[in-house]
Amino acid sequence: MGILEKIVQSKKKSLDLRKRGFPQNYLEQSLLFSRPCYSLVDSVKNSTNGIIAEFKRRSPSKGEINYCSEIVDTLTGYEKAGVSGISVLTDVSFFGGSVEDLTIARGCTKIPILRKDFIFDPYQIIESKAFGSDLVLLIARILKPQKVKELTLLAHSIGLEVLLEIHDESEFHTHVFSEIDLIGINNRNLNSFRVDPALSISLSNKIPDRFTKIAESGIRSANEIRKLKSYGYDGFLIGEQFMKGNNPAEIVHRLIQELE
(Lines give C-alpha, C1' and ligand atoms only; values in the text may rest on other atoms or scores of the structure.)
Protein backbone atom coordinates (compact mmCIF):
# COMPACT_ATOMS: atom_id res chain seq x y z
CA MET A 1 0.00 0.00 0.00
CA GLY A 2 1.39 3.41 -1.01
CA ILE A 3 1.67 6.42 1.29
CA LEU A 4 -1.33 8.14 -0.30
CA GLU A 5 -3.55 5.10 0.21
CA LYS A 6 -2.45 4.83 3.83
CA ILE A 7 -3.27 8.49 4.45
CA VAL A 8 -6.74 8.22 2.90
CA GLN A 9 -7.51 4.99 4.78
CA SER A 10 -6.46 6.58 8.07
CA LYS A 11 -8.51 9.69 7.28
CA LYS A 12 -11.65 7.65 6.72
CA LYS A 13 -11.33 6.07 10.16
CA SER A 14 -10.74 9.38 11.93
CA LEU A 15 -13.57 11.03 10.00
CA ASP A 16 -16.11 8.59 11.43
CA LEU A 17 -15.04 9.65 14.92
CA ARG A 18 -15.33 13.36 14.07
CA LYS A 19 -18.81 12.90 12.64
CA ARG A 20 -19.96 11.37 15.92
CA GLY A 21 -18.25 14.02 18.05
CA PHE A 22 -19.21 17.04 15.91
CA PRO A 23 -22.42 16.33 13.97
CA GLN A 24 -23.01 18.41 10.86
CA ASN A 25 -25.91 20.36 12.38
CA TYR A 26 -23.58 21.35 15.23
CA LEU A 27 -20.96 22.62 12.76
CA GLU A 28 -23.56 24.67 10.88
CA GLN A 29 -24.31 26.59 14.08
CA SER A 30 -20.69 27.74 14.40
CA LEU A 31 -20.16 31.51 14.39
CA LEU A 32 -17.57 31.09 11.65
CA PHE A 33 -20.00 29.16 9.44
CA SER A 34 -22.00 32.29 8.65
CA ARG A 35 -19.05 34.60 7.97
CA PRO A 36 -18.34 35.88 4.41
CA CYS A 37 -15.20 34.30 2.98
CA TYR A 38 -12.12 36.01 1.58
CA SER A 39 -11.31 35.21 -2.06
CA LEU A 40 -7.93 33.69 -2.85
CA VAL A 41 -8.64 34.19 -6.55
CA ASP A 42 -8.90 37.94 -6.02
CA SER A 43 -5.97 38.01 -3.62
CA VAL A 44 -3.42 36.35 -5.92
CA LYS A 45 -4.66 38.25 -8.97
CA ASN A 46 -4.18 41.57 -7.16
CA SER A 47 -0.83 40.63 -5.62
CA THR A 48 2.66 41.38 -6.88
CA ASN A 49 4.03 38.14 -5.38
CA GLY A 50 1.17 35.59 -5.36
CA ILE A 51 2.72 33.65 -2.48
CA ILE A 52 0.52 31.27 -0.48
CA ALA A 53 2.59 30.51 2.60
CA GLU A 54 1.99 27.20 4.33
CA PHE A 55 2.01 26.21 7.98
CA LYS A 56 3.18 22.60 8.21
CA ARG A 57 4.73 20.83 11.19
CA ARG A 58 5.75 17.53 9.59
CA SER A 59 5.29 15.38 6.49
CA PRO A 60 5.47 11.66 5.61
CA SER A 61 8.54 12.22 3.44
CA LYS A 62 10.54 14.59 5.69
CA GLY A 63 9.33 13.62 9.15
CA GLU A 64 9.48 16.51 11.62
CA ILE A 65 9.90 19.86 9.88
CA ASN A 66 9.12 22.44 12.54
CA TYR A 67 7.44 21.98 15.90
CA CYS A 68 9.12 25.07 17.38
CA SER A 69 7.45 27.92 15.50
CA GLU A 70 4.19 29.05 17.11
CA ILE A 71 1.24 29.16 14.72
CA VAL A 72 0.06 32.66 15.72
CA ASP A 73 3.52 34.21 15.43
CA THR A 74 4.15 32.47 12.11
CA LEU A 75 0.84 33.33 10.47
CA THR A 76 0.74 36.95 11.63
CA GLY A 77 4.31 37.20 10.35
CA TYR A 78 3.24 35.77 6.99
CA GLU A 79 0.45 38.33 6.73
CA LYS A 80 2.71 41.22 7.75
CA ALA A 81 5.24 40.12 5.11
CA GLY A 82 2.54 40.55 2.46
CA VAL A 83 1.58 37.03 1.35
CA SER A 84 -1.54 36.53 -0.77
CA GLY A 85 -2.90 33.69 1.32
CA ILE A 86 -2.16 31.05 3.92
CA SER A 87 -2.33 27.26 3.64
CA VAL A 88 -2.91 25.25 6.81
CA LEU A 89 -2.29 21.48 6.96
CA THR A 90 -5.06 19.96 9.07
CA ASP A 91 -4.22 16.25 8.89
CA VAL A 92 -3.31 14.98 12.36
CA SER A 93 -1.63 11.61 11.83
CA PHE A 94 0.76 12.37 8.98
CA PHE A 95 1.25 16.16 9.07
CA GLY A 96 0.78 17.07 12.75
CA GLY A 97 -2.02 19.54 12.08
CA SER A 98 -5.66 19.88 13.13
CA VAL A 99 -8.85 21.65 12.12
CA GLU A 100 -8.44 23.70 15.28
CA ASP A 101 -5.39 25.25 13.57
CA LEU A 102 -7.83 26.75 11.06
CA THR A 103 -9.72 28.53 13.83
CA ILE A 104 -6.49 29.87 15.29
CA ALA A 105 -5.44 31.05 11.82
CA ARG A 106 -8.79 32.72 11.23
CA GLY A 107 -8.60 34.47 14.58
CA CYS A 108 -5.21 36.06 13.93
CA THR A 109 -5.29 36.89 10.19
CA LYS A 110 -7.52 38.68 7.69
CA ILE A 111 -6.37 37.06 4.45
CA PRO A 112 -7.62 33.93 2.62
CA ILE A 113 -7.00 30.60 4.35
CA LEU A 114 -6.78 27.33 2.44
CA ARG A 115 -7.60 24.13 4.27
CA LYS A 116 -5.06 21.66 2.91
CA ASP A 117 -6.10 18.10 3.65
CA PHE A 118 -7.30 14.90 2.01
CA ILE A 119 -10.94 15.78 1.42
CA PHE A 120 -13.39 13.24 -0.01
CA ASP A 121 -16.56 13.60 2.08
CA PRO A 122 -19.19 16.40 2.11
CA TYR A 123 -18.83 16.57 5.90
CA GLN A 124 -15.26 17.84 5.45
CA ILE A 125 -16.52 20.74 3.33
CA ILE A 126 -18.97 21.80 6.04
CA GLU A 127 -16.27 21.31 8.68
CA SER A 128 -13.84 23.50 6.73
CA LYS A 129 -16.24 26.45 6.73
CA ALA A 130 -17.19 25.93 10.38
CA PHE A 131 -13.57 26.08 11.51
CA GLY A 132 -12.67 29.18 9.50
CA SER A 133 -11.29 28.34 6.08
CA ASP A 134 -12.04 30.33 2.91
CA LEU A 135 -11.31 27.60 0.41
CA VAL A 136 -10.58 23.89 0.26
CA LEU A 137 -8.13 21.67 -1.58
CA LEU A 138 -9.53 18.82 -3.67
CA ILE A 139 -6.99 16.27 -4.89
CA ALA A 140 -7.87 14.75 -8.27
CA ARG A 141 -5.77 11.66 -7.55
CA ILE A 142 -8.05 10.50 -4.72
CA LEU A 143 -11.45 11.57 -6.14
CA LYS A 144 -13.68 10.40 -8.94
CA PRO A 145 -14.67 13.18 -11.37
CA GLN A 146 -18.29 13.24 -10.22
CA LYS A 147 -17.16 13.56 -6.60
CA VAL A 148 -15.02 16.58 -7.51
CA LYS A 149 -18.09 18.24 -9.01
CA GLU A 150 -20.32 17.32 -6.06
CA LEU A 151 -17.86 18.67 -3.49
CA THR A 152 -17.19 21.81 -5.53
CA LEU A 153 -20.88 22.68 -5.80
CA LEU A 154 -21.33 22.11 -2.07
CA ALA A 155 -18.34 24.32 -1.30
CA HIS A 156 -19.70 27.11 -3.49
CA SER A 157 -23.13 26.86 -1.86
CA ILE A 158 -21.58 27.89 1.47
CA GLY A 159 -19.18 30.48 0.06
CA LEU A 160 -15.94 28.50 -0.20
CA GLU A 161 -13.63 28.55 -3.22
CA VAL A 162 -12.05 25.34 -4.54
CA LEU A 163 -8.45 24.62 -5.50
CA LEU A 164 -8.25 21.44 -7.59
CA GLU A 165 -4.85 19.77 -7.44
CA ILE A 166 -3.63 18.03 -10.61
CA HIS A 167 -0.62 15.73 -11.00
CA ASP A 168 -0.65 14.66 -14.66
CA GLU A 169 -2.20 15.50 -18.02
CA SER A 170 -4.85 12.78 -17.89
CA GLU A 171 -6.51 14.42 -14.87
CA PHE A 172 -7.21 17.56 -16.93
CA HIS A 173 -9.46 15.54 -19.24
CA THR A 174 -11.36 13.77 -16.46
CA HIS A 175 -11.50 16.07 -13.42
CA VAL A 176 -11.54 19.71 -14.56
CA PHE A 177 -14.96 21.36 -14.55
CA SER A 178 -15.94 24.96 -15.26
CA GLU A 179 -17.02 25.41 -11.62
CA ILE A 180 -13.46 25.02 -10.28
CA ASP A 181 -11.93 28.31 -9.09
CA LEU A 182 -8.21 27.54 -9.02
CA ILE A 183 -6.12 24.75 -10.54
CA GLY A 184 -2.90 23.77 -8.83
CA ILE A 185 -0.10 21.71 -10.33
CA ASN A 186 1.62 19.81 -7.53
CA ASN A 187 5.23 19.05 -8.38
CA ARG A 188 5.24 16.43 -5.60
CA ASN A 189 4.32 12.86 -6.51
CA LEU A 190 1.82 11.81 -3.84
CA ASN A 191 2.85 8.16 -4.00
CA SER A 192 6.63 8.52 -3.79
CA PHE A 193 6.64 12.12 -2.43
CA ARG A 194 9.48 12.94 -4.83
CA VAL A 195 9.45 16.46 -6.26
CA ASP A 196 9.83 17.33 -9.94
CA PRO A 197 9.98 21.16 -10.25
CA ALA A 198 9.63 20.92 -14.04
CA LEU A 199 6.10 19.48 -13.83
CA SER A 200 4.43 22.88 -13.37
CA ILE A 201 6.13 24.14 -16.52
CA SER A 202 5.36 21.08 -18.63
CA LEU A 203 1.65 21.20 -17.71
CA SER A 204 1.22 24.99 -17.73
CA ASN A 205 -0.23 25.17 -21.24
CA LYS A 206 -2.87 22.57 -20.34
CA ILE A 207 -4.60 24.93 -17.87
CA PRO A 208 -7.31 27.03 -19.57
CA ASP A 209 -6.84 30.76 -19.01
CA ARG A 210 -10.21 31.09 -17.24
CA PHE A 211 -8.77 29.32 -14.19
CA THR A 212 -6.46 30.89 -11.61
CA LYS A 213 -3.19 28.96 -11.89
CA ILE A 214 -1.24 27.82 -8.84
CA ALA A 215 2.17 26.11 -8.74
CA GLU A 216 2.81 23.90 -5.70
CA SER A 217 5.87 22.28 -4.07
CA GLY A 218 9.59 22.56 -4.71
CA ILE A 219 9.60 26.35 -5.22
CA ARG A 220 12.63 27.86 -3.49
CA SER A 221 13.65 31.18 -5.02
CA ALA A 222 12.47 34.47 -6.50
CA ASN A 223 13.90 33.45 -9.87
CA GLU A 224 11.80 30.29 -9.89
CA ILE A 225 8.69 32.34 -9.14
CA ARG A 226 9.52 34.80 -11.93
CA LYS A 227 9.97 31.91 -14.36
CA LEU A 228 6.66 30.33 -13.33
CA LYS A 229 4.93 33.70 -13.76
CA SER A 230 6.18 33.77 -17.34
CA TYR A 231 4.32 30.46 -17.84
CA GLY A 232 1.06 32.01 -16.64
CA TYR A 233 1.01 31.09 -12.95
CA ASP A 234 -0.75 33.50 -10.59
CA GLY A 235 0.02 31.90 -7.22
CA PHE A 236 2.78 29.87 -5.61
CA LEU A 237 2.10 27.53 -2.68
CA ILE A 238 5.27 27.20 -0.62
CA GLY A 239 5.58 25.37 2.68
CA GLU A 240 8.71 23.41 3.48
CA GLN A 241 11.04 26.13 2.20
CA PHE A 242 9.63 28.49 4.84
CA MET A 243 8.89 26.06 7.67
CA LYS A 244 12.31 24.41 7.77
CA GLY A 245 13.82 27.64 9.11
CA ASN A 246 13.71 28.89 12.69
CA ASN A 247 11.72 31.98 11.63
CA PRO A 248 9.42 31.11 8.69
CA ALA A 249 7.92 34.60 8.50
CA GLU A 250 11.35 36.19 8.11
CA ILE A 251 12.18 33.83 5.24
CA VAL A 252 8.92 34.85 3.53
CA HIS A 253 9.70 38.51 4.11
CA ARG A 254 13.13 38.21 2.48
CA LEU A 255 11.70 36.35 -0.54
CA ILE A 256 8.98 38.95 -1.10
CA GLN A 257 11.51 41.78 -0.81
CA GLU A 258 13.64 40.07 -3.45
CA LEU A 259 10.62 39.71 -5.73
CA GLU A 260 9.47 43.29 -5.34
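Two strands pair if DSSP finds at least two bridges between them, and strands here are DSSP runs of E with at least two residues, while helices are runs of H or I with at least four residues, both numbered from the N terminus. The model is predicted, so to speak plainly: local features need pLDDT of at least 70, side-chain atom pairs count only at pLDDT 80 or more, and totals for chains, interfaces and linings use all residues. Residues are numbered from 1 along each chain as its sequence is written, and side-chain values use heavy atoms, with hydrogens and water left out.

**View 1. Eight strands close into a barrel.** The 8 strands follow the order S1-S4-S5-S6-S7-S8-S9-S10, with parallel pairing. From one strand to the next, the twist averages 25°, where axes are lines fitted to C-alpha atoms (for helices over the stretch in contact) and angles between N-to-C directions run from 0 to 180 degrees.

**View 2. Strand S8 and its two neighbours.** On one side, S7 (residues 161-166) pairs with S8 in the parallel sense over 4 bridges, and Leu164 has Ile183 as its bridge partner in S8. S8 is also joined to S9 (residues 212-216) by 5 bridges, again running parallel; here Gly184 is partnered by Ile214. Leu182, Gly184 and Asn186 point one way from S8, Ile183 and Ile185 point the other way, and all are buried (under 20% relative accessible area with a 1.4 Å probe, protein chains only; exposed is over 50% and partly exposed lies in between).

**View 3. Helix H6 and its surroundings.** Of the 9 residues in H6 (residues 122-130), 8 are buried, including Tyr123, Ile125 and Ala130. These buried residues pack against helices H1, H2, H5 and H7 and strands S5 and S6, with contact meaning heavy atoms within 4.5 Å. At the start of H6, a side-chain oxygen of Asp121 comes within 2.8 Å of the backbone nitrogen of Tyr123. Just after the helix, Gly132 adopts a positive phi of about 115°.

View 4. Look for Ser217 in the loop between S9 and helix H10 (222-230). Ser217 is not a glycine, yet its phi is positive at about 75°. Why does Ser217 count as buried? Its relative accessibility is 12%.

**View 5. Strands S4 and S5 with helix H4.** Strand S4 (residues 85-89) is joined to S5 by 4 bridges, and the two run parallel. Ile86 stands opposite Ile113 in S5. Helix H4 (residues 71-81) lies across S1 (51-55) and S4, running at about 175° to S1.

Technical notes
Polar contact = N/O pair within 3.5 Å; in protein donor to acceptor, adjacent residues only side chain to side chain.
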